[in-house]
Amino acid sequence: MDLSKLSPKQLLEIDACTRCGECLRFCPIYSQKGEEGINPRGKIQAIKKFIRAQYGLLAKLFGPRKLSEEDLKKFSEMVYRCTLCGECGLQCPVSIDSRSLWLALKEVLVDLGHYPKNIELMKNNVLSKYNISGEDNALRVEWLEAMEGLPDHQYQKEKAEVVFFVGCVSSYYPMAHKIPQSFIRILDRLKIDFTLLGGAEWCCGFPLIGAGFKKEVQKLIRHNIEGVKEKGADSVIFSCPSCYHTWHEDYKTDLKLFDSTQFILKLIQEGRISFKEGRVKVTYHDPCDLGRASGIYEAPRAILRAMPGVELVELPNHAEKCKCCGGGGLLEMVDPELGAALAREKIKEIQGTGAELVVTSCQQCVRTILSTSRRMKIPLKTSYITEFVLKQMA
Ligand code: SF4
Ligand code: SF4
């Protein structure tokens, strides 16, 4: 096992785990599976055991013990059954940055060839077609066809101040098309000088990083930054929190980056958006990549509070403690039934608030909550925040 994918800090963190079990109380996978292995503490203890077998005192005296295929298979199952929700890291009393650790462990497993094989299809799609669906990348803006009254440039201008980076899910999954459609209506009404990249937008690389293929994303990063610079833009706005987070963490760029909620809040604060009177009780679901991963909790709430007559009731687990909807960390690909179980828990929690509508800021959360509630035959109204903003705008 090559540990070069783990930083010295991560090796120290592995050693620092006190086995206190605090993380177990918060891990949504553990709450569903209840298995000692498939939880943060179990994963850390397993890698500790591997490190000892390879580099410990006995390994020095008698030579490293070869890891069995069975051990590696079990370890891979543990590491990939994770939503990357980040709750374990936030609650850990010794501050282990476990989300980063799980990503590094996936890189180790990829090198060993021990990763779920259905991830291979997604990887090939991204590397050969530049989107997760394996579709023709020129069809990224097909969702525009359902819109009336488009300008001649169809929001794909030669030059613009701002680029709206749409992301793969909103581009290719019909259930999420309302997200970019509503966002460009808002931007257009406020006369923001923006453009889409169209077929020149490539996957941001998040699905590859989340699967353990981090070294493959450099080509995507270079291409996307060049695409934005060619437009002469100095800012990029995102409706996908995973794209936003990836640009923030892994794109080394001087471009200004805004999540859709930050951008809309700025427009409200500048007095450019006003709302009509409403009468609706809503709750808000914090997406993991926007909340815990990026620290954006306040902007969406400030937007909802700016709407007269909109009553925000918080979920029992909200903000830093918000539970993953089940759509994170590629769990949908690795173990769809486990992801659906998490989504059912989320839906029960939403129903308990008595809200008429759940608003969120992530296309994957919208898809997961909507599709699961339909399967449960529960008529749960779900709205991405730009759809709700457009509806409430005066
Ligand atoms: S909370 Fe932190 S220290 Fe405690 S068992 Fe979990 S990872 Fe280890
Ligand atoms: S990131 Fe979330 S799902 Fe993964 S181990 Fe931590 S708490 Fe569990």
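Me: Into which domains is the chain divided?
Reply: The model is predicted, and its chain is divided into domain 1 (3-112), domain 2 (119-267) and domain 3 (274-392).

Me: How many Å separate the centres of domain 1 and domain 2?
Reply: Taken over C-alpha atoms, the centres of domain 1 and domain 2 are 33 Å apart. Eight residues from domain 1 and ten residues from domain 2 take part in the contact.

Me: What area is buried between domain 1 and domain 2?
Reply: About 650 Å² is buried there, and carbon and sulfur atoms give 58% of that area. On the side of domain 1, Arg99, Glu107 and Val110 lose the most area to domain 2, together 52% of what that side buries.

Me: How many salt bridges does the rule find across the interface of domain 1 and domain 2?
Reply: The rule finds one salt bridge across that interface. It also finds two residue pairs in polar contact there, both at pLDDT 80 or more.

Me: Which element gives the largest share of the side of domain 1 that touches domain 2?
Reply: Helix H7 (residues 98-112) does, with six residues.

Me: Changing topic, how many disulfides are there?
Reply: The count is zero disulfides. For cysteine 240, the nearest cysteine sulfur is that of cysteine 243, 3.5 Å away; cysteine 240 is in no disulfide because the cut-off is 2.5 Å.

Me: Is cysteine 240 buried or exposed?
Reply: Cysteine 240 counts as buried, at 7% relative accessibility. Cysteine 92 is buried as well, with a relative accessible area of 17%, because buried means under 20%.

Conventions
Residues are numbered from 1 along each chain as its sequence is written. Chains are lettered from A and ligands numbered from 1 in the order in which they are written. This is a predicted model: local features need pLDDT of at least 70, side-chain atom pairs count only at pLDDT 80 or more; totals for chains, interfaces and linings use all residues. Side-chain values use heavy atoms; hydrogens and water are left out. Buried means under 20% relative accessible area, exposed over 50%, partly exposed in between (1.4 Å probe, protein chains only). Domain bounds come from an automatic or database domain assignment. Contact means heavy atoms within 4.5 Å. Buried area is the accessible area (1.4 Å probe) that two parts lose on being put together, summed over both. A salt bridge is a side-chain nitrogen of Lys or Arg within 4 Å of a carboxyl oxygen of Asp or Glu. A polar contact is a pair of N or O atoms within 3.5 Å; within protein, one must be able to donate a hydrogen and the other to accept it, and residues adjacent in sequence count only if both atoms are side-chain atoms. Helices (H or I, at least four residues) and strands (E, at least two) are DSSP runs, numbered from the N terminus.
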